[in-house]
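Hello,

Here is the structure I promised to pass on to you. Have a look at it first, and then read my notes below.

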Amino acid sequence: MNNKIWLSSPHMGGTEMKYIQDAFDENWIAPLGPNVNGLEKDLETYLGKEVHVAALSSGTAALHLALILLDIKPGDFVICQSLTFSASANPIIYVGAVPVFVDSEKETWNLCPNAVEDAIKFGISKGKKPKAIITVSLYGMPHKVEEIAEIAARYEIPIIEDSAEALGSTYKNQKCGTFGDLSVISFNGNKIITTSGGGALVVKNQEFKNKAVFLSTQAKDDAPHYEHTNIGYNYRMSNICAGIGRGQMEVLELRVQQRRQNHLFYKELFKHDPRFILHTEPDSDYFSNHWLNLIYVEPGKDYDRETLRQKFLTHNIETRPIWKPMHLQPIFKGSHYFGGDLAERLFQNGLCLPSGSNMTENDFQRITSTYEELEYLD
C-alpha cells in the first residue's frame with residue numbers, strides 16, 4: 001500500500017526548534033513569554049492596518065472572546081454562514097445567543113448578501129436586530145467583503161471575521177483577518193501554518209486586546225492575591241506553541257505560494273472535464289491562499305461525488321466532502337435559516353482535495369493516475 005496522501009498535513013519550515021530551544025534554555029515553559037509576544041508582533045506586522053493581536057489557544061477561543069467583547073447576551077441573534085465548520089457557530093451557543101444561519105452565494109461560496117439582509121430584517125421584525133455578523137472566508141476564499149460591510153454599516157451591526165482558513169488570502173490587496181471589527185485566525189495542525197494548536201484574535205484597538213488577554217488568563221484582577229470580578233478562561237497560547245508559530249511565520253508566504261501551485265495543478269487536471277468544476281477566484285480582486293482545493297462534481301448517470309471520493313480512498317488518498325451546512329446539523333435542528341439550497345448542493349456534490357504544501361511529485365502523479373481511472377465513466 002502506498003503511503004497516505006493527506007488532505008492537509010503540518011509542514012515545518014526548519015527554524016521552529018530554534019524558538020522552542022530558546023524557551024527551554026530560558027525556562028519560559030509557562031503559557032506566557034517572549035515567543036508569545038514575538039508571534040503577536042509578527043502577525044501585526046504581517047497583517048498591517050495597525051491591528052492588535054492576542055495569541056490564544058485556538059481559533060474557537062478567539063471567536064468566543066470576540067462575542068464576549070461585543071457584549072453578546074443570551075437570546076441575542078447572531079448571523080452566521082451555514083456552510084462552515086461547526087467552530088464558527090458553536091461559540092454563539094457558548095454565550096447563550098441564537099444562531100441565524102444564511103446561505104452561500106455562487107461565486108465565493110461564502111455569505112450571500114441578500115440572505116444576510118433578509119436575516120437582519122427578520123430579526124428586526126421580531127424586535128431583535130442581530131448583534132453581530134460572523135463572516136467566513138471558506139477554505140481560504142475571501143468573502144464578498146464590500147457587500148457585506150455595506151450591509152453591516154447600514155444596519156450598524158459589527159462584523160466578526162472568521163479567517164481561520166484564510167491567513168495569507170487577500171481582497172483588493174488587503175489581508176484577510178483585517179476586515180472585521182474583530183477577526184479570528186486559526187493555527188490548528190491542518191492550517192496553512194500551525195502552532196500545533198492555537199489561534200489569534202485580531203482587533204482594531206488596544207483596549208480590546210487588553211481585555212481579551214485579561215479574559216484569556218482567567219480574568220485575574222490586579223491584586224496581590226487571586227481576585228476575580230469577571231468570569232475568565234484559560235485561553236492564552238503557550239510560549240512553546242508560540243515558538244512553533246514564530247518559525248512558521250518565516251515560511252508563510254512560501255506556504256501560500258505552494259498551495260496556490262497545487263491549485264494550478266488541479267486547474268490543469270480538470271480543465272477539459274466538465275464533470276468536475278474547480279472552485280477558484282471570481283476575479284482579480286480575490287486572492288485565495290487555496291488552503292484546500294475544492295471541486296463541484298456535476299452528478300451523472302454513473303458517477304457522483306462519492307464515486308470520486310471512494311476511488312481516491314482505494315488508493316489511500318484522503319479527500320473529504322465539503323462542510324455539512326450548520327442548519328442541517330442535528331445540534332442546530334430548528335434554527336433560523338435564510339436563503340436557498342446552494343449550501344446544501346455544495347455539500348452534496350462538493351469534494352475537498354489533497355492540498356498540503358508538502359505534497360510531492362509522486363503525490364501529484366498518484367492523484368493524476370487515480371483521476372484517469374474515472375475516464376471510463378464518460
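Helix α1 passes α8 in a right-handed crossing (right-handed if the near helix is turned clockwise from the far one by less than a right angle, left-handed if anticlockwise). Please keep in mind that this is a predicted model, where local features need pLDDT of at least 70, side-chain atom pairs count only at pLDDT 80 or more, and totals for chains, interfaces and linings use all residues. Residues are numbered from 1 along each chain as its sequence is written, and side-chain values use heavy atoms, leaving out hydrogens and water.

The axes of α1 (residues 16–25) and α8 (residues 239–249) come within 7 Å and cross at roughly 150°; axes are lines fitted to C-alpha atoms, for helices over the stretch in contact, with angles from 0 to 180 degrees between N-to-C directions. That makes α1 roughly antiparallel to α8 (over 145 degrees). Helices here are DSSP runs of H or I with at least four residues, and strands are runs of E with at least two, numbered from the N terminus.

**A buried serine**

Where is Ser137 found? Ser137 lies in the loop between β4 (132–136) and α6 (145–155). Ser137 has a relative accessible area of 1%, so it is buried (under 20%, with a 1.4 Å probe and protein chains only). Leaving aside residues up to four places away in sequence, Ser137 touches several residues, including Asn110, His143, Asp162 and Cys176 (heavy atoms within 4.5 Å).

An open sheet of 3 strands runs in the order β7-β6-β11, with antiparallel pairing (strands pair if DSSP finds at least two bridges between them). Tyr171 stands opposite Tyr286 in β11.

Happy exploring!

How values were computed:
Buried means under 20% relative accessible area, exposed over 50%, partly exposed in between (1.4 Å probe, protein chains only). Angles under 35 degrees count as roughly parallel, over 145 as roughly antiparallel, 65 to 115 as roughly perpendicular and the rest as oblique.
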